[in-house]
Amino acid sequence: MVKSIYIASSWRNDVQPQVVEMVKSIGYDVYDFRHPEGVGDGFHWSDIGADWLEWSVEEYRQNLSHPIAKEGFRRDYDAMLSCDACVLLLPCGRSAHTEAGWFAGRGLPVYVLSPVKQEPELMYALFDGIFASVAELKDFLLRKRQQ
């Protein structure tokens, strides 16, 4: 039975706060990477360097070991370990897809929420459902909760 849900998405996704609140409102624990419990704001590369978009691969590789990056990773990864399902909220980037793949690889459910039209992706067949709206995902999660 699913009790806690990890929302994998992007800082640029404006729907993410709505999805977090919806999941909470129907009784699931939820991890919100934007506002992890007890932290305030979540991880930003800009906390390490204002020029983060200009980093070389070497600088990127080095900054993965920066204490701020290590703490951000630890927090997100600990949340992944504690959750038993994932919502991949589109559009999103590489990290969210990595997180969703990690859940699928562990045999845990991954639900794709695509509230805006996206290019079809064949490998989403690995996941446990694709939903077109927050309301459709909410109805599904409510039914799962009642099972």
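Trainee: How do you know that the length of helix 4 (residues 94-105) is close to what is expected?

Mentor: The expected span of a helix is 1.5 Å times one less than its number of residues. Helix 4 has 12 residues, and its first and last C-alpha atoms lie 16 Å apart, close to the expected 16 Å. Bear in mind that this is a predicted model, in which local features need pLDDT of at least 70 and side-chain atom pairs count only at pLDDT 80 or more, whereas totals for chains, interfaces and linings use all residues. Residues are numbered from 1 along each chain as its sequence is written, and side-chain values use heavy atoms, with hydrogens and water left out.

Trainee: Which residues of helix 4 are buried, and what puts them on the same side of the helix?

Mentor: Buried means under 20% relative accessible area, exposed means over 50%, and partly exposed is in between, with a 1.4 Å probe and protein chains only. The buried residues of helix 4 are Ala-96, Glu-99, Ala-100 and Phe-103. They cover an arc of only 95° around the axis, and therefore they lie on the same side of helix 4; the arc is taken from the directions that run from the helix axis to the C-beta atoms. The face turned away from that buried side carries the exposed residues Arg-94, Thr-98 and Gly-105.

Trainee: What covers the buried residues of helix 4?

Mentor: With contact defined as heavy atoms within 4.5 Å, the cover includes strand 1, helix 3, strand 3 and strand 4. Just after helix 4, Gly-107 takes a positive phi of about 80°.

Trainee: How do you know that the span of helix 5 (residues 134-146) agrees with its number of residues?

Mentor: The 13 residues of helix 5 should span 18 Å at 1.5 Å a residue, and the end C-alpha atoms are 18 Å apart, so the two values agree. Its buried residues are Val-134, Leu-137, Phe-140 and Leu-141. These cover an arc of only 125° around the axis, which puts them on the same side of helix 5. Among the elements that cover them are strand 1 (4-8), helix 1 and strand 5 (130-131).

Trainee: What makes strand 2 (29-31) and strand 5 the edge strands?

Mentor: Two strands pair if DSSP finds at least two bridges between them. The open sheet has five strands in the order 2-1-3-4-5, with parallel pairing. Strand 2 and strand 5 each pair on one side only, and are thus the edge strands. Strand 1 and strand 2 pair in the parallel sense over three bridges, and Tyr-6 has Tyr-31 in strand 2 as its bridge partner. Helix 3 packs on the sheet, touching strand 1 and strand 2, and its direction makes about 140° with that of strand 1. Such angles run from 0 to 180 degrees between N-to-C directions, with axes being lines fitted to C-alpha atoms, for helices over the stretch in contact.

Trainee: Why is the contact between Lys-24 and Glu-21 called a salt bridge?

Mentor: A salt bridge is a side-chain nitrogen of Lys or Arg within 4 Å of a carboxyl oxygen of Asp or Glu. The closest N and O atoms of Lys-24 and Glu-21 are 3.8 Å apart, so the pair meets the definition. Both lie in helix 1 (residues 16-25), three residues apart, about one turn of the helix. Lys-24 counts as partly exposed because its relative accessibility is 42%, and Glu-21 is partly exposed at 47%.

Trainee: How many salt bridges does this rule give?

Mentor: The count comes to five. One of them joins Arg-61 and Glu-58 at 2.3 Å, N to O; these two are three residues apart in helix 2 (residues 57-63), about one helical turn.

Trainee: Is Arg-75, which meets Glu-71 in a salt bridge, buried or exposed?

Mentor: Arg-75 counts as buried because its relative accessibility is 15%, whereas Glu-71, at 32%, counts as partly exposed. Their salt bridge is 3.5 Å, N to O, and Glu-71, Arg-74, Arg-75 and Asp-78 are linked in a network of salt bridges.

Key: Helix = DSSP H or I, 4+ residues; strand = E, 2+ residues; numbered from the N terminus.
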